Amino acid sequence: MTRPVVLLAEELSPATVDVLGTGVDIRHVDGTDRPALLEAVAEADALLVRSATSVDAEVFAAAKKLSVVARAGVGLDNVDVPAATAHGTMVINAPTSNIVSAAELAVTLILASLRNVARADASVKDGRWERKQLSGVELLDKTVGVVGFGRIGQLVAERLRPFGVHLLAYDPYVNHTRAAELGARVVELDELMREADVITVHMPKTPETTGLIGAEQFALAKPGLHIVNAARGGLIDEDALYEALVSGRIAGAGLDVYTSEPPASSPSAAKLLELENVTLTPHLGASTAEAQEKAGIAVARSVRLALAGELVPDAVNVAGGAIDDQVRPGIALADRLGQIFTALSDSGPELVEIVVRGEIASKDVTAIKLSALRGIFRSIVTDQVSYVNAPVLAQDRGIRVDLVTEEASETFRNVVQVRGTLRDGQIISVSGTLSGVSQVHKLVELGGHALDTPLSDHLLVIRYEDRPGLVGRYGQLLGEAGVNIAGMQVSREGGSGSEALVVLNLDEAVPAGLAESIGREIGAVSCRAVDVSY
């Protein structure tokens, strides 16, 4: 069996490579060498990068079978996520790898700004001894405003509490209970700007948060305010910050991030380089040995999941999140049911419903919906189909997709059903469950007929008017073709003469021509060969 090719475009730690394991073919390329990258990615199943490699539409066009791109870090500025999604490629990052490092740097910048550490260092190295000029202020009893109270903001709050500070928190989505547990009072941004002695910013950068703190906010601030940004460049208006610093409206600032990096390349940021009351670092938030190691190991684990066909919690372009252990076994089942749905359809669907019944219906079953869609499109399109682009394929074809959950299940503990209305008016439905400790896939319904039969890789599904002698006839025809029947189940709506549905589990695939000839021979309404995999 050919091992999947994992292409490393930048240097990653030995521990990261170890996590990838021996089941993959690891190759290396310099991601900044564009021709070499485009040549190497053509054979790659997975691509791992840090920040130097640009993964854009040109790269995806060159990648024949790329299923996953992993960024060993938090930001994704160098990965074209929409292009990846259109290509069906999963994009992974390591969203929690640097949170401790970023929080610690924010605290470092606060202390450095309050105590003039950078200016003092430069002064001593220059042969000066400016103790009076570089006198600072204590953090004790100061009011610290945390703008953005997510994971990093909360870590900063935890680390600041032992300094004896009063904490304020601003975040439109803040959990008030969590804030209270950390000793923080939740306020609006204007109140935070008026009351804080120190402000540290930890918001994501979005159109709404860009320039969040500008001239209007600085006009509210105390003259002794020190403000720190170790999150994203542009959250603080750099022109407004410059004016506030040179006018004495605020006392100091500590910055690790800039609208344009390095800051000398931007007129607004470059002005800040001239000021003595600003402490600047070159985007060091994630630059610790521990953060780099965590990022590499995290994405290596996610790449292994992706290459195994699993949904990945840290995939940024796949709906859903962490998959509940009770839900996970149903993912492969849903994919196979989707394949059966398509095999039994004579035209494309207008509506597809993925119905989940039973105990798992109370969980997040988004992964089951995505898997069913992936199965539906496997044989419809020639492009690579993944959890990423399956919803896009449905949207592009005008197919409405609904997820229905029902916690009541009369017969089985959990049931997954794929049902839909085709453009010709036909209604198709197929249901399955997982049986026993081994979680064996079983078909429990097909086209309204109740079943209880194992779901093998090769099926023959026959609908006909039930009458004597037909089982022997199609059994004979399969035998003559060298196809062995491993099991079968007959379901019919009434007595003799009513419609029967037969599902045969076979050891080999049935050629389409053989299925058609069997159907003609017995006068079947339909006779379909169905091959499913995962």
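1. Is Arg34 buried, partly exposed or exposed? In this predicted model, Arg34 has a relative accessible area of 23% and is therefore partly exposed. The limit that decides the matter is that buried means under 20%.

2. Arg34 forms a salt bridge with Asp56, in which the closest N and O atoms are 2.4 Å apart. Arg34 belongs to helix α2 (residues 34-41), whereas Asp56 lies in the loop between β3 (46-49) and α3 (57-62), so the contact ties together parts that are 22 residues apart in sequence. Asp56 is also partly exposed, because its relative accessibility is 24%.

3. A salt bridge joins the side chains of Arg185 and Glu195, at 2.9 Å from N to O. The two residues are 10 apart, with Arg185 in strand β8 (residues 184-186) and Glu195 in helix α9 (residues 189-195). Arg185 has 42% relative accessibility and so counts as partly exposed; Glu195, with a relative accessible area of 29%, is partly exposed.

4. Arg336 and Asp457 meet through their side chains in a salt bridge of 2.8 Å, N to O. This pair links distant parts of the chain, 121 residues apart: Arg336 is in helix α14 (residues 329-343), and Asp457 is in the loop between β18 (449-454) and β19 (458-465). Arg336 counts as buried because its relative accessibility is 8%, while Asp457 is partly exposed at 42%.

5. The structure holds 28 salt bridges. Some of them share partners, and in this way Glu158, Arg159, Arg178 and Glu181 are joined into one network.

6. The largest pocket contains about 1,400 Å³ of space. Its lining comprises 50 residues, and those nearest the pocket centre are Val74, Gly75, Asn98, Ala231 and Arg232. By class, the lining divides into 21 nonpolar, 19 polar and 10 charged residues. Helices α5 (99-114), α7 (151-160) and α13 (289-307) each supply at least two of the lining residues.

7. Two cavities of 30 Å³ or more are found in the whole structure.

8. On the surface, a nonpolar patch is formed by Val471, Met488 and Val490, which together have about 220 Å² of accessible area. Val471 is located in helix α17 (residues 470-480). With a relative accessibility of 39%, Val471 counts as partly exposed.

Technical notes. Residues numbered from 1 in each chain as written. Predicted model: local features only at pLDDT ≥ 70, side-chain atom pairs only at ≥ 80, totals over all residues. Heavy atoms only, no water. Patch = residues over 30% accessible without salt bridge, like charges linked within 9 Å, V, L, I, M, F, W, Y side chains within 5 Å. Areas by Shrake-Rupley, 256 points an atom, 1.4 Å probe, with all protein chains shown as cover. Salt bridge = Lys/Arg side-chain N within 4 Å of Asp/Glu carboxyl O. Helix = DSSP H or I, 4+ residues; strand = E, 2+ residues; numbered from the N terminus. Buried < 20%, exposed > 50% of the residue type's maximum accessible area, 1.4 Å probe, protein only. 1 Å grid on protein atoms, 1.4 Å probe; cavity = no way out; pocket = protein on both sides within 12 Å on 5 of 7 lines; lining within 4 Å. Points joined across faces, edges and corners; volume = space filled by probe spheres on them. Nonpolar A, V, L, I, M, F, W, Y, C, P; charged D, E, K, R; others polar.
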